[in-house]
Amino acid sequence: MALAAATGPHQLVVQTSFLGDTVLTTPLIAELAKRGPVDVVVTPASAPLLARNPDIHELIVYDKRGADSGLLGFRRLAQRVRAPDAREGAPPAVAYLAQRSMRSGALALAAGYTRRVGFDESAGRTLYTTRVPYREDRHHAERLWRLAFPDAPDRELDAVPPMQPKLFPGDAERAAVDALLGASDGRPLLALAPGSVWATKRWPYYGLLAQKLATRFRIAIIGGPDDRSEAASIAEFSSAQGVVDGTASLSLLASAELIGRANLMVTNDSAPQHLASAMGTPTITIFGPTVEDFGFGPLAPHSISLGLDALACRPCHHHGPPRCPLGHWRCMRELEVDAVASAVDEVLSAC
């Protein structure tokens, strides 16, 4: 991993939230790396996403629910990420709290960071020395990027396009995808990401969509081990030839590499859409209980977000409830396959 510049303040970014949040933090990391070394604290699940990121000085894994749980684990981590002693005339070390919990703020305080920057609506805001407005009207990648400019007026930041998320698959990931894809059969590659941590965010018709598009596209299914049965069901139901199942063997970065090779991806409001944003792959994101206005939509050019805007019960949850509060789940059940297939044609015609 390449080291960031040695000049400037020492900087710590704490991001121990979900996979997608980690991807969306990469513009902040890249901005800070222009000023000095950046250490990043992440969960074991998210750490592989940041492998080989040239903007990171040191990647620190915080297993807050496992080996590092409890007070002793917290103290060990605070010692590991401790702010360096200030040299005479050197700027103070700065911690950027991308994850908005009280624990993240307490970690930066315990580690000796005299300047702690975070959002003004965070649970840990009382522990921050500088609070940045949480702009509901901005994409979350931009909200995080704005933490790098805590003293800049909004009007100045509004005039500067924020950086885009970026991931860095390497030779191992490229080789894994080469082996999985084999020789091209000439059809465009369509990636489908049917999974989500939240059950109500899983559109139920990916098999029908694959069946409808199978003659025109080679289909690659993206996801983790928990999505293997869904991937097998889609492949069997659609009877599509040459279906590529990336859920069984690919790492997160290799999944990003596979997405990067796709002409287009269809996904739920979940982590794969953020991988696609980082790889520049046009994306159709299906929103059910959530909405794009929350700030977590796709960022790649020509991307589209789909949802039943006329439903009065949307949105019903910031993340997606385990089950529909009204029992009908219309937001997903009534979004028809033909609408998604038409969006596929619309996106491809614009590319």
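Leaving aside residues up to four places away in sequence, Ser-270 touches Gly-195 and Ser-196. Keep in mind that this is a predicted model.

**Around Ser-270**
- You'll find Ser-270 in the loop that links strand S10 to helix H11 (271-279).
- Its relative accessible area is 10%, and since buried means under 20%, Ser-270 is buried.
- The Ser-270 side chain also reaches the backbone oxygen of Gly-195, at 3.4 Å.

**The sheet**
- Six strands make up an open sheet with parallel pairing, in the order S9-S8-S7-S10-S11-S12.
- At the edges sit strand S9 (244-245) and strand S12 (304-306), each of which pairs on one side only.
- In general, it's backbone hydrogen bonds that pair the strands of a sheet.
- Strand S10 (residues 264-268) and strand S11 (residues 283-286) run parallel and are joined by four bridges.
- Asn-268 has Ile-286, in S11, as its bridge partner.

**A helix across the sheet**

**Helix H2, tucked away**
- How many of the eight residues of helix H2 (residues 26-33) are buried? Eight of the eight are, so the rest of the structure largely encloses this helix.
- The buried residues of H2 include Thr-26, Pro-27, Leu-28 and Glu-31.
- Among the elements covering them are strand S1 (11-14), helix H1 (19-24), strand S2 (38-42), strand S4 (94-97) and helix H5 (140-145).

Note on methods:
Residues numbered from 1 in each chain as written. Predicted model: local features only at pLDDT ≥ 70, side-chain atom pairs only at ≥ 80, totals over all residues. Heavy atoms only, no water. Pairing = 2+ DSSP bridges. Helix = DSSP H or I, 4+ residues; strand = E, 2+ residues; numbered from the N terminus. Buried < 20%, exposed > 50% of the residue type's maximum accessible area, 1.4 Å probe, protein only. Contact = heavy atoms within 4.5 Å. Polar contact = N/O pair within 3.5 Å; in protein donor to acceptor, adjacent residues only side chain to side chain.
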